[in-house]
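Here is my note on the strands and how they pair. Please read it with the model open.

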Amino acid sequence: MADQHPDLDPAPAIDAYNYLDLVLHPDGTVTRGCSFDIVNSPANPNPDQPSAVRTKDVPVDLTHNTWARIYVPSLSPPPDQRLPLIVYYHGGGFVYSSPAHDIYHDFCSLMAAKLGAVVVSPSYRLAPEHRLPAAYDDAMEALRWVRTTEEEWLREGVDFSRCYLMGTSAGGNIAYHVGLHACATVADLEPLVIRALILHHPFFGGLQRTESEVRLFNTPTLPMNVADLCWELVLPAGAGRDHQYCNPMAGERLGEWERMRTMGWRVVVVGGGRDPTIDRQRELAAQLEANGMEVVGLFGDGGNYHQEELLELAKAELLLEKLKDILRGGALAIPAAGDGKINCGQKRMRSTE
């Protein structure tokens with residue numbers, strides 16, 4: 001599959017398996033090496049720690065060995081105030097990582113502190129041992145768990161009527177597909193009320209290369225032959241690159257987009273000019289807007305690369321300042337109470353270049 005564009009692709013600068021430090025076995029499993037620069041951070045629930053955020057790991061589904069890390073601001077809100085909930089899905093190309101990976105741990109900690117929100121970051125089964133839709137299924141199960149759990153950190157001080165689905169890279173892809181499913185099962189998720197999808201550098205693809213994928217083929221943070229390998233390992237057996245899990249323009253989505261629009265969901269798409277998938281991120285944002293949804297495009301300049309805000313936390317703070325408009329008011333005010341409907345009479349896509 002990595003050789004599907006020989007007429008367009010530049011010569012790969014690196015070997016995809018070496019880049020990911022993977023060894024593929026004949027039975028379809030992989031050995032994940034130790035050189036992929038993954039450092040795990042432990043959770044710390046101690047209320048006396050000096051950190052601005054407390055963290056705790058809790059099991060979600062013992063059958064699939066999934067779990068979640070919860071991030072709670074150390075400073076409790078006033079008794080009459082409840083905090084919004086962000087359900088955040090980590091990245092890793094669907095083949096690597098977990099909520100404990102330090103770049104996601106640090107980003108979620110910063111997000112909880114800066115936005116004054118409770119963050120739940122669920123794990124999910126990884127490919128190729130568990131190909132899609134396993135990750136989507138686990139992500140939906142995590143939402144159901146949030147809805148029903150008696151975990152005290154979620155039952156005390158969380159406003160379930162202000163729930164936001166967010167993810168980075170593969171996690172952004174997951175957040176999008178979970179949103180598609182959740183909008184058809186709203187009643188089953190009560191008291192959760194989803195307000196928005198926040199797709200942070202979402203990982204999408206397709207059979208036909210885009211201009212940005214060719215131009216940025218060998219970008220160090222997401223080489224396209226590495227992206228090709230990830231899709232080869234994660235899509236259902238026999239599926240092509242225009243499968244709807246990979247290509248958001250594939251399949252019939254108008255009904256799901258209409259349900260999102262009717263419920264007043266907004267979609268935030270964050271991308272960077274040095275991310276080879278930015279053309280696909282822009283295309284999705286444009287298609288959603290064309291179908292009547294309220295879309296916010298936060299597309300950075302030519303210097304922004306894939307997952308930049310996770311690797312440079314100073315830039316993460318700038319992003320979180322923009323997201324405050326969505327969580328706390330401003331141009332995209334979210335009602336703190338009511339029926340969960342948002343007036344979508346004035347549709348527009350806002351882009352920051």
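Which handedness does the β-α-β unit made by β5, helix α2 and β6 have?

1. The unit of β5, α2 (residues 102-115) and β6 is right-handed. Right-handed here means that, with the strands pointing away from the viewer, the path from the first strand over the helix to the second runs clockwise. Helices (H or I, at least four residues) and strands (E, at least two) are DSSP runs, numbered from the N terminus.

2. A word on the basis. This is a predicted model: local features need pLDDT of at least 70, side-chain atom pairs count only at pLDDT 80 or more, and totals for chains, interfaces and linings use all residues. Residues are numbered from 1 along each chain as its sequence is written, and side-chain values use heavy atoms, with hydrogens and water left out.

3. Buried means under 20% relative accessible area (1.4 Å probe, protein chains only).

4. β5 pairs on two strands. Pairing requires at least two DSSP bridges between the strands. With β6 (residues 118-122), β5 runs parallel over 3 bridges; Ile86 partners Val119 there. With β7 (residues 158-168), the sense is also parallel, over 6 bridges. Tyr89 has Gly167 of β7 as its bridge partner.

5. Now the hairpin. β3 and β4 form it, with 4 residues between them. The two strands run antiparallel, joined by 8 bridges. Val58 stands opposite Ala68 in β4. In the turn, Asn65 has a positive phi of about 60°.

6. β3 (residues 53-61) is mostly covered, with 7 of its 9 residues buried.

Notes: Buried < 20%, exposed > 50% of the residue type's maximum accessible area, 1.4 Å probe, protein only.
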